[in-house]
Amino acid sequence: EENGHQNKRLKSDAGEEDVEDQNKRSPKRKIVLLMAYSGKGYHGMQRNVGSSQFKTIEDDLVSALVQSGCIPENHGEDMKKMSFQRCARTDKGVSAAGQIVSLKVRLIDDILEKINNHLPSHIRILGLKRVTGGFNSKNKCDARTYSYMLPTFAFAHKDHDVQEEVYRLDKETLEKVNKLLACYKGTHNFHNFTSQKGPRDPSAKRYIMEMYCGEPFVRENIEFAVIKVKGQSFMMHQIRKMIGLVIAIVKGYAAESIIERSWGEEKVDVPKAPGLGLVLERVHFEKYNRRFGNDGLHEPLEWTEEEEKIAIFKEQYIYPTIINTEREEKSMANWLNTLSIHDFNSSAVGMQANNKNSKNSSDLEGSDGCDDDSD
């Protein structure tokens, strides 16, 4: 009886061994993927398992990983099985040029080509690198750089009658914008730049390394400019509110002193700029690179060779989406009309009504949730 039972088991094991042999030929390894995507039409990056009505970038990514044979189907259903981790959780409508995800996959031949074959053209995997077994793209990230592309008429003074297609940003106004953006550098209490954080919450303190607005350029007859911000991590809506407040000051709705006041304990009414235009540019792994980048086994997580592909993707998919959506839906122009209902002199009094009014125009576009508070 014992022998008969054993024979049966050996027979069933033979089929499993074939599968194991295949897996041994392409063993599972921990890797990172460099991703670029246009976020329009998606409810953010992070997958909501069991909620198929809100499509996310990860829904399309996981589907492509399964179809290309990198991961078994059950890993797609339970992402913990492949140790999946995104570096930043971009929210609804927000795009990325340099998102990083870490996961375990079978290193099959022509892996990037096969994954991309199963992805829509507005989502691309641009690079792959092997990493240490314990690597986690979110925890190992030292800093994130975002950009925000906006039409420059956003900086025109409120008392000037502006024709959007004719407006051009002058040197003095750009200097003023950059002087204000530079105020954010350093560590400050940003409790007024997000929701659900009190002034004494230690996690409201954030470190900003740089923030500036580049030279303007014209696309489709409208002048645009790109604001870059690099910080350790950002809270939900933080970047959009930082930019919204600077626009309010430059337009003449608020005094410059409001920035300093917003870091204090009182509640300040900070307007939130539209989500359109926000792009996750790149994520930084400086500590990891110092420790493992030149250990002879792993590569530093730098993407110099992929820079050209990133630039081409932005020109093809990200910038046209921002420009066309701005022209058709006028998200910035509509939002600018709500600035007059904000009360920049009061503290908490009367703010709820203002927030209610401005919610309708700006919450549709998306937000910048990208760290532990919003993941």
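In the predicted model, residue G186 has I208 of strand β7 as its bridge partner. This pair belongs to the antiparallel arrangement of strand β6 (residues 186-189) and strand β7 (residues 205-213), which are joined by four bridges. Strand β7 is also joined to strand β9 (residues 222-231), again in the antiparallel sense, and five bridges connect the two.

Strand β1 pairs with strand β3 (residues 95-106) in the antiparallel sense over nine bridges, and I31 lies opposite L103 of β3. Strand β1 also pairs with strand β4 (residues 123-130), where the antiparallel pairing extends over seven bridges. In that pairing, A36 is placed opposite R124 of β4.

Helix packing was examined for α5 and α6. Helix α5 comprises residues 171-182 and helix α6 residues 238-250; the two pack at an angle of about 135°, and their axes are 10 Å apart. Because angles over 145 degrees count as roughly antiparallel and those of 65 to 115 as roughly perpendicular, α5 is classed as oblique to α6. The crossing of α5 past α6 is right-handed. On the α5 side, the contact is formed by T173, K176, V177, L180 and L181, while α6 contributes V246, I249 and V250. By residue class, the contact of α5 with α6 consists of six nonpolar residues, one polar residue and one charged residue.

At the level of the whole protein, the secondary structure amounts to 11 helices and 10 strands. The protein has 375 residues, of which 51% are buried. Among contacts in the protein with a separation of 6 or more, 77% are accounted for by residues 24 or more positions apart.

Notes: Residues are numbered from 1 along each chain as its sequence is written. This is a predicted model: local features need pLDDT of at least 70, side-chain atom pairs count only at pLDDT 80 or more; totals for chains, interfaces and linings use all residues. Side-chain values use heavy atoms; hydrogens and water are left out. Axes are lines fitted to C-alpha atoms, for helices over the stretch in contact, and angles run from 0 to 180 degrees between N-to-C directions. Angles under 35 degrees count as roughly parallel, over 145 as roughly antiparallel, 65 to 115 as roughly perpendicular and the rest as oblique. A crossing is left-handed if the near helix is turned anticlockwise from the far one by less than a right angle, and right-handed if clockwise. Contact means heavy atoms within 4.5 Å. Ala, Val, Leu, Ile, Met, Phe, Trp, Tyr, Cys and Pro count as nonpolar, Asp, Glu, Lys and Arg as charged, and the others, Gly among them, as polar. Two strands pair if DSSP finds at least two bridges between them. Buried means under 20% relative accessible area, exposed over 50%, partly exposed in between (1.4 Å probe, protein chains only).
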